[in-house]
Structures are given as C-alpha cells and as structure tokens.
Amino acid sequence: ISFGTDIQNFNTAGTTRMTIDADGHINIPADSKKLKIGASGDLEVYHDGSNSYVAEVGTGNLKLTSNGAAVDIQKGTSEYLGRFLTDGAVELYHNDVKKFETTATGATITGTLTTDEISLGDSEEIKFGNSDDLKIKHNGNNSFISDSGTGALLLTTDHFKVLNPAM
C-alpha cells in the first residue's frame, strides 16, 4: 500500500472501520472496537468511550520492558504516578509527590505510615532519632528499651503499672 498524502480508509458494509493517515497513524473510529495482536488476538488495545485498555486476554503475562532508564506511569506527560527504574528503585507517587521508594537496603516512606500491625523477628530493632538514640527490641528471651542519647528516657502518664505477665 502506498500512502502518499492520502488517508486510507478500510470499510465494510459502507462503514469506516479503520483509517491510516499519511503519517502512519492508525485510527479505529468506533468505541469498544479492539486492535487485536497475535495469532489468537491475545493482546488487545481499545477504548470503551470512557476508559482506555491494554489487555492480555490469553494465557500469558502482559510484560512492559525497557532498555531505557525506566518504565514510567504518568498522568498526562508531566505528573508521575509510578516509576520503575532500570536496575534500581521503584517509586510511587501521590499527586506527583514521591511517597514510597525502594532502595538497595530496603524502602523509604515519606509521610505517615498507617498500619494495623508491625511485626519484627527476634533481635530486630525499631530505631528512633537521627542517630538511632532510642531502640526497642526483643531477642527471643528478653525485651529491651535502650536510650543512648544525650537526654533522659522519660515515661509520662496519668497512671503507671508494671505487671508480671503471669498474673
């Protein structure tokens, strides 16, 4: 097919099903009509009038790959929703502000983490302060609260009890 400057229309029963313009852009002008790729049409790309879809409808996986620096998921062309950096971090954004990032040593959360429970194994610590001045841990036998900062460890309450758990 030679396109030149003409738009090529592909019609059935007098209805345009697809056009290819001189720049090679493909247009399927009807909503919910699918571009199907593969011997069984396993990869589908379509728009239903409100939402756009890329779907793997066969038995395989949908894989996004890149030889570039990252795979980005964006709102428009400027606001990040998520970034998957090649050989590096995964970054998740809220309103274009990075809130979660994986690192070589774990993960960083910016903002408040709300959770139902934090569970640590024996001898793992929760650390507080810029210099890890306050640590809480359990070593499998004993539990520890350790304060190594320059200030005091203060416990404040309206009522304080220390109980034997066997009671």
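A residue is called buried when its relative accessible area is under 20%, exposed when it is over 50%, and partly exposed in between, with a 1.4 Å probe and protein chains only. By this scale tyrosine 80, at 24% relative accessibility, is partly exposed.

The model is predicted: local features need pLDDT of at least 70, side-chain atom pairs count only at pLDDT 80 or more, and totals for chains, interfaces and linings use all residues. Residues are numbered from 1 along each chain as its sequence is written, and side-chain values use heavy atoms, with hydrogens and water left out.

The aromatic rings come next. A pair of aromatic rings is described by the distance of the centres and the angle of the planes. Rings of Phe, Tyr and Trp (its six-membered ring) pair if their centres lie within 6.5 Å; planes under 30 degrees apart count as stacked, over 60 as edge-to-face, and the rest as tilted. Two aromatic pairs are present in the structure. In one of them, tyrosine 46 and tyrosine 53 have ring centres 4.8 Å apart and planes at 15 degrees, so this pair is stacked. Tyrosine 53 has a relative accessible area of 32% and is partly exposed. Tyrosine 80 and tyrosine 93 make a tilted pair, with 5.5 Å from centre to centre and 35 degrees between the planes. Tyrosine 80 belongs to strand 8 (residues 79-85) and tyrosine 93 to strand 9 (residues 90-94), so the pair ties together parts that are 13 residues apart in sequence. Strands here are DSSP runs (E, at least two residues), numbered from the N terminus; helices are runs of H or I of at least four residues. Tyrosine 93 is buried, at 17% relative accessibility.

Lysines also sit over rings. The rule asks for NZ of Lys or CZ of Arg within 6 Å of the ring centre and within 35 degrees of the ring normal. Lysine 34 lies over the face of tyrosine 46, 4.7 Å from the ring centre. Lysine 137 lies over the face of phenylalanine 144, at 5.7 Å from the ring centre.

Side chains of opposite charge can pair when their charged atoms come close. A salt bridge is counted when a side-chain nitrogen of Lys or Arg is within 4 Å of a carboxyl oxygen of Asp or Glu, and the structure has five salt bridges by this rule. Lysine 34 forms one with glutamate 44, the closest N and O atoms being 3.2 Å apart. Glutamate 44 lies in strand 5 (residues 43-47) and lysine 34 in the loop between strand 3 (26-27) and strand 4 (35-37), so the pair ties together parts that are 10 residues apart in sequence. Glutamate 44 is buried, with a relative accessible area of 7%, while lysine 34 is partly exposed at 36%.

Another salt bridge joins lysine 98 to glutamate 91, with the closest N and O atoms 3.4 Å apart. Glutamate 91 is buried, at 6% relative accessible area, and lysine 98 is partly exposed, at 30%. Lysine 127 and glutamate 125 meet in a salt bridge of 3.9 Å, N to O. Both partners are partly exposed: lysine 127 at 44% relative accessibility and glutamate 125 at 30%. Salt bridges that share partners also join Glu91, Lys98 and Glu101 into one network.

The surface has a nonpolar patch. Patches are made of residues with over 30% relative accessible area and no salt bridge; nonpolar side chains (Val, Leu, Ile, Met, Phe, Trp, Tyr) are joined within 5 Å, and like charges within 9 Å. Accessible areas come from the Shrake-Rupley method with a 1.4 Å probe, and for residues only the protein chains shown count as cover. The patch includes Ile118, Leu120, Phe128, Ile145 and Val162, and its members have about 1,000 Å² of accessible area together. Phenylalanine 128 is in strand 12 (residues 125-128) and is partly exposed, at 39% relative accessibility.

Most residues other than glycine have a negative phi, and most peptide bonds are trans. Aspartate 96, not a glycine, has a positive phi of about 65 degrees; aspartate 96 lies in the loop between strand 9 and strand 10 (97-103). Serine 123, also not a glycine, has a positive phi of about 70 degrees and is in the loop between strand 11 (106-109) and strand 12.
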